[in-house]
Amino acid sequence: MAGVQTAVALREQGFTGTVRVIGAEPHQPYDRPPLSKAVLLGKAEGSAFDVDFEALGIELDLGREVLGVRPADHELDTAEGPVPYDVLVLATGAEPIRLPGAEGVPGVHLLRTLDDAERLRPVLARQHDIVVVGAGWIGAEFATAAREAGCSVTVVEAADRPLAGALPAEVAAPMTAWYADSGAELRTHARVARVEPGAVVLDDGSRLPADAVVVGIGARPATAWLAGSGIELGAHGEVVADDHLRTSAPDVWAVGDCASFPSDRYGERLLVHHWDNALQGPRTVAADIIGEAPVVYDPVPYFWSEQFGRFVQYAGHHASADTTLWRGDPTGPAWTVCWLREGRLIALLAVGRPRDLAQGRRLIEAGARMDPTLLTDPARPLKAATV
């Protein structure tokens, strides 16, 4: 998403030079969200972007892995030889974290690429017993698809709740029941000791039968190839970009899952591993490359997830909140959590309430001050709760 959108944005904003997209995968550039939904369930063959690259004059150099970059020489290194550049945009995304000790064990899967989804599709079609390691966003989405396909699903999570790394305990707590309601078993405080052919063994000695194991324990920026380049990396291995998404190297920008950026809105550096960031950032990169009215990149982060029959949306960044308010009953089908800092809305999570999300996102962007009493009335539009 980030690489293709940068190329398209350059053309849309009037760039007339050569634009070349280099990618290690051989497939036409594709969108990732359908991989855990329609593609996985066989409802779609692929998710290639509807972009006429030829008409836009964008060269695709696919199936070519970039091994390194030498900023002083303005060259990339590939197995086929060096590739010179005038301007370089890093959009290598993130790669899934692998389960230690599970490499090479038959039946262990990741879900990040089109090839991953293609390998998992027949597993779901055969209605196998599946163990999912990790109750984060991707684990929940895969478990949803597997239950829809008729598979027996057990989700094991080392933490005490689903989405432990993303949401506070009181917000994630209502989501625990979603697993049982869908017919999936959720086992928390469950650490994997080892994976064997046909089974997952937990550290308490229990064995879970598993025709297939799907690992969803997080992702890290795909930046190992930048070792020795001199390009600054952050604590999580991400490319450290400035507020225009420029890196520490001249003529090199970074966008999407592989890069962090400073947010004046939230007073900290953000590393956002979500689709919307890969859609929005390229517009800033393209404008900065062209040099026409470059805009500081400081978005309100946004993402969504479809899981267990619910549409979950999140906007903002709640880490610095001093107040948490609820709209609606969290045991019901539709509710919203709002986070405030000094009376202003800074983040919200909406379950089955898309209007709350749409209005709330605009209120966050505006730095709107909210009336807590009006805010907690789910019958009142969110935009009517401003002071």
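How many aromatic pairs does the structure hold?

1. The structure holds eight aromatic pairs; rings of Phe, Tyr and Trp (its six-membered ring) pair if their centres lie within 6.5 Å, with planes under 30 degrees apart counted as stacked, over 60 as edge-to-face and the rest as tilted. The model is predicted: local features need pLDDT of at least 70, side-chain atom pairs count only at pLDDT 80 or more, and totals for chains, interfaces and linings use all residues. Residues are numbered from 1 along each chain as its sequence is written, and side-chain values use heavy atoms, leaving out hydrogens and water.

2. One of these pairs is edge-to-face, Trp275 with Trp304, at 5.3 Å centre to centre and 85° between the planes. This pair links distant parts of the chain, 29 residues apart: Trp275 lies in helix H7 (residues 275-290) and Trp304 in strand S21 (residues 302-307). Helices (H or I, at least four residues) and strands (E, at least two) are DSSP runs, numbered from the N terminus.

3. Trp304 also forms a stacked pair with Tyr302, at 6.4 Å centre to centre and 25° between the planes. Tyr302 has 12% relative accessibility and therefore counts as buried (under 20% relative accessible area; exposed is over 50%, partly exposed in between; 1.4 Å probe, protein chains only). Trp304, at 22%, counts as partly exposed, and Trp275, at 29%, is partly exposed.

4. Ring pairs also link Trp137, Phe303, Tyr314 and Trp339 into a cluster.

5. In H8 (residues 354-366), Asp356, Leu357, Gln359, Gly360, Leu363 and Ile364 are buried. The buried residues of H8 pack against strands including S21 and S22 (310-316), where contact means heavy atoms within 4.5 Å. Gly367, with a positive phi near 65°, follows H8.

How values were computed
Expected span 1.5 Å × (residues − 1).
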